[in-house]
Amino acid sequence: MSAATVVPLLAHVATAVSEAIVRARPQSVGADPVVRRSDRADFQSNAALPLAKSLGEPPAGLAAALAGELTAGGDAVITDAAASGPGFLNITVGDAAIWMQLAARLADTRLGVGEPAAGQRIVIDYSAPNVAKEMHVGHLRTTIIGDALARLFGFLGADVVRANHLGDWGTQFGMLIQYIDEHPDQPWHADDVGTDATVSALDGLYKAARAQFDADPAFADRARTRVVALQAGDAATVARWAEIVAESEKAFGAIYDRLGVLLTPDDYAGESTYNPMLADTVTELLDKGVAVDSDGAVVVLSEHVNGPDDTPAVLMVRKSDGGYGYDSTDLATIRYRIATLHADRLLYVTDSRQALHFQLVFEAARRAGWLTDAIDVAHVAYGTILGPDGRPFKTRAGGTVRLMDLLDDAVTAARAIVAEKNPELPATELDAIAEQAGIGAVKYADLSTSRVKDYMFDPARMTAFNGNTGVYLQYAHARIRSILRKATVPDTVAVDTTMALEPAERALLLTLDDYALVLGEVASTLEPHRLANYLYDLARAFTSFYDTCPVLAAPEPARSNRIAVCQLTARTLAHGLELLGIAAPVRL
């Protein structure tokens with residue numbers, strides 16, 4: 001069943017502290033209760049320290065006054081509050097309240113998590129590979145960070161628009177189309193070379209076309225003519241271009257399916273989508289005085305950012321030859337997403353090197369009146385994947401690493417680890433588990449790292465059963481599912497709220513109770529590593545619980561209560577991994 005949102009105990013305690021502050025010092029309405037988890041009690045409030053300073057009184061005395069208010073207030077959840085040290089407030093909640101949280105979350109299909117993003121339309125721009133070019137290591141982070149955010153906001157109730165801004169337009173397509181038409185014997189369709197090899201074949205043809213373009217002036221002239229034909233809408237040229245796009249999309253889809261991301265063809269909105277909007281976008285920017293003429297080109301001069309020569313940074317809205325580029329398309333795109341899609345929030349998941357570009361785009365959109373204070377916009381920047389040498393990840397020959405090769409390496413490493421741990425597994429089951437573990441390992445290694453930081457791609461470390469890895473979490477989930485299979489009980493069991501808690505039970509249940517708060521933090525900060533690290537802490541808390549609290553051999557009511565603890569832990573781990581886009585196998 002789906003129940004009402006379950007208020008986390010930390011949130012309840014924070015409200016109680018806020019109310020105690022008002023009762024003790026009425027002039028301090030709105031003061032931050034500063035509540036967090038603590039190893040000295042269930043929770044600690046540091047509110048007395050800053051508050052006492054503003055009131056000009058000793059913090060220890062104020063903390064004692066707040067403790068008195070909390071214990072005298074008749075709160076059914078808080079059983080003890082005591083001042084400590086220079087002004088800390090240690091707060092303990094009752095065992096019954098903690099068991100009741102377990103029962104409430106277990107009875108709810110959403111684990112007690114509400115939908116705080118309901119009513120918002122959030123456009124998330126991510127992945128964005130280039131047509132006719134292979135997806136490589138540089139596409140990994142945008143794809144899986146964007147997917148995790150799309151999953152999270154969708155669960156929190158938002159209307160999520162997944163926008164895959166494909167690089168499907170530009171002068172390079174005229175050259176490629178001309179070369180393909182002149183070399184009909186070179187295969188590149190999926191039916192001829194296979195879906196996985198389509199973009200690789202197109203990439204090879206593009207490189208050959210580029211070489212001929214540079215070496216053969218006659219071919220270069222024919223290629224330029226083909227560019228004009230493409231831009232003019234010549235039927236045969238546009239048909240060939242559409243064919244290249246369609247074949248590339250099949251290849252992208254194969255990678256998305258393997259990665260387990262939510263992107264589908266319905267989410268593809270390439271640069272060509274915005275071509276009909278470019279002229280109107282330029283006209284509006286000129287009419288509003290945001291864009292100006294500059295030697296025949298149309299530009300937006302930043303009012304906030306200067307370039308290296310101490311002159312305003314420039315967005316090229318239209319080139320002097322009348323052509324449009326990357327800046328033009330991104331301006332038309334943000335205009336469309338606000339005016340037509342009615343976005344409340346815009347997230348652009350691209351690497352940190354594009355920070356200046358998006359700063360200028362957002363500035364221009366604000367000056368044009370498109371981007372208002374009612375619309376939140378963010379560049380969700382991320383760092384670089386490094387190789388074993390600590391430099392940007394490359395092949396031994398110095399080339400870009402194909403994304404599919406990277407995934408193959410991780411699955412191979414996972415297969416060896418799983419086979420060593422479970423040598424009796426049938427080959428087909430081993431392959432399936434290795435695929436889930438390997439892909440999960442890659443995604444978790446990325447998502448467990450603060451997105452703004454670089455990290456090293458190391459398949460052996462990523463697929464280890466120990467440490468902060470995706471495989472460790474998958475194994476923890478599978479282990480709990482194994483316990484529950486042996487328990488042979490219904491999906492939900494009755495929880496006896498009168499039973500005294502063991503320390504390890506208490507620690508695990510308080511961690512479980514933080515789930516909704518952690519999801520809220522990720523939504524606010526756009527940092528999926530907070531969820532990944534929470535799940536790791538949860539798995540470790542379960543290990544401590546299982547090592548000290550017998551489950552199947554415990555007498556009643558402890559047995560049923562601890563089975564309920566296992567059930568909620570397994571569901572929370574599985575759900576959290578799902579939000580990260582990672583499978584949670586029941587066996588590993």
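Colleague: Which strands does helix α3 lie across, and at what angle does it run to β3?
Modeller: This is a predicted model, so take the geometry as computed. Helix α3 covers residues 59-72 and lies across β3 and β4. Its direction relative to β3 comes to about 170°.

Colleague: What is the strand order in the open sheet of 4 strands?
Modeller: The pairing in that sheet is antiparallel. Its edge strands are β1 (35-37) and β3 (78-84), each pairing on one side only. From one strand to the next the twist averages 25°. Reading across, the order is β1-β2-β4-β3.

Colleague: Where does helix α1 go, and what angle does its direction make with that of β1?
Modeller: Helix α1 spans residues 9-24 and packs on the sheet. There it touches β1, β2, β3 and β4 (88-93). With the direction of β1, the angle is about 145°.

Colleague: Which residue in β2 stands opposite Val-35?
Modeller: β1 and strand β2 (residues 43-45) are joined in the antiparallel sense, over 3 bridges. Across from Val-35 in that pairing you'll find Ser-45.

Colleague: Over to β5: how many bridges join it to β6, and do they run parallel or antiparallel?
Modeller: Strand β5 (residues 121-125) is mostly covered, with 4 of its 5 residues buried. Ile-124 stands opposite Arg-162 in β6. Strand β6 takes in residues 159-163, and the link to β5 consists of 5 bridges, with the two strands running parallel.

Colleague: How do α14 and α15 cross, parallel or oblique?
Modeller: Helix α14 (residues 403-421) and helix α15 (residues 427-447) have axes that come within 7 Å and cross at roughly 125°. That angle makes α14 oblique to α15. As for the hand, α14 passes α15 in a crossing that is right-handed.

Colleague: How many nonpolar residues are in the contact of α14 with α15?
Modeller: On the α14 side, the residues in contact include Leu-406, Leu-407, Ala-410 and Val-411. On the α15 side, Leu-430, Ile-433, Ala-434 and Val-442 are among them. Split by class, the contact has 3 charged residues, 1 polar and 14 nonpolar.

Colleague: What about α5 and α21, are they parallel or oblique to each other?
Modeller: Helix α5 (residues 140-155) packs with α21 at an angle of about 125°, their axes 8 Å apart. Perpendicular would need 65 to 115 degrees and roughly antiparallel over 145, so α5 and α21 are oblique to each other.

Colleague: Which residues of α21 make that contact with α5?
Modeller: By class, the contact of α5 with α21 has 4 nonpolar, 1 polar and 2 charged residues. From α5 come Ala-148, Arg-151, Leu-152 and Phe-155. From α21 come His-575, Glu-578 and Leu-579.

Colleague: Also in α21, what is the relative accessibility of Asn-561?
Modeller: Asn-561 is found in α21, which covers residues 558-579. Beyond residues up to four places away in sequence, Asn-561 touches Trp-99, Leu-102, Ala-494, Val-495, Asp-496 and Met-499. Asn-561 counts as buried, because its relative accessibility is 0%.

Colleague: Last one: what percentage of the chain's residues count as buried?
Modeller: The chain has 21 helices and 13 strands. Of its 588 residues, the buried share is 52%.

How values were computed:
Residues are numbered from 1 along each chain as its sequence is written. This is a predicted model: local features need pLDDT of at least 70, side-chain atom pairs count only at pLDDT 80 or more; totals for chains, interfaces and linings use all residues. Side-chain values use heavy atoms; hydrogens and water are left out. Two strands pair if DSSP finds at least two bridges between them. Axes are lines fitted to C-alpha atoms, for helices over the stretch in contact, and angles run from 0 to 180 degrees between N-to-C directions. Contact means heavy atoms within 4.5 Å. Angles under 35 degrees count as roughly parallel, over 145 as roughly antiparallel, 65 to 115 as roughly perpendicular and the rest as oblique. A crossing is left-handed if the near helix is turned anticlockwise from the far one by less than a right angle, and right-handed if clockwise. Ala, Val, Leu, Ile, Met, Phe, Trp, Tyr, Cys and Pro count as nonpolar, Asp, Glu, Lys and Arg as charged, and the others, Gly among them, as polar. Buried means under 20% relative accessible area, exposed over 50%, partly exposed in between (1.4 Å probe, protein chains only).
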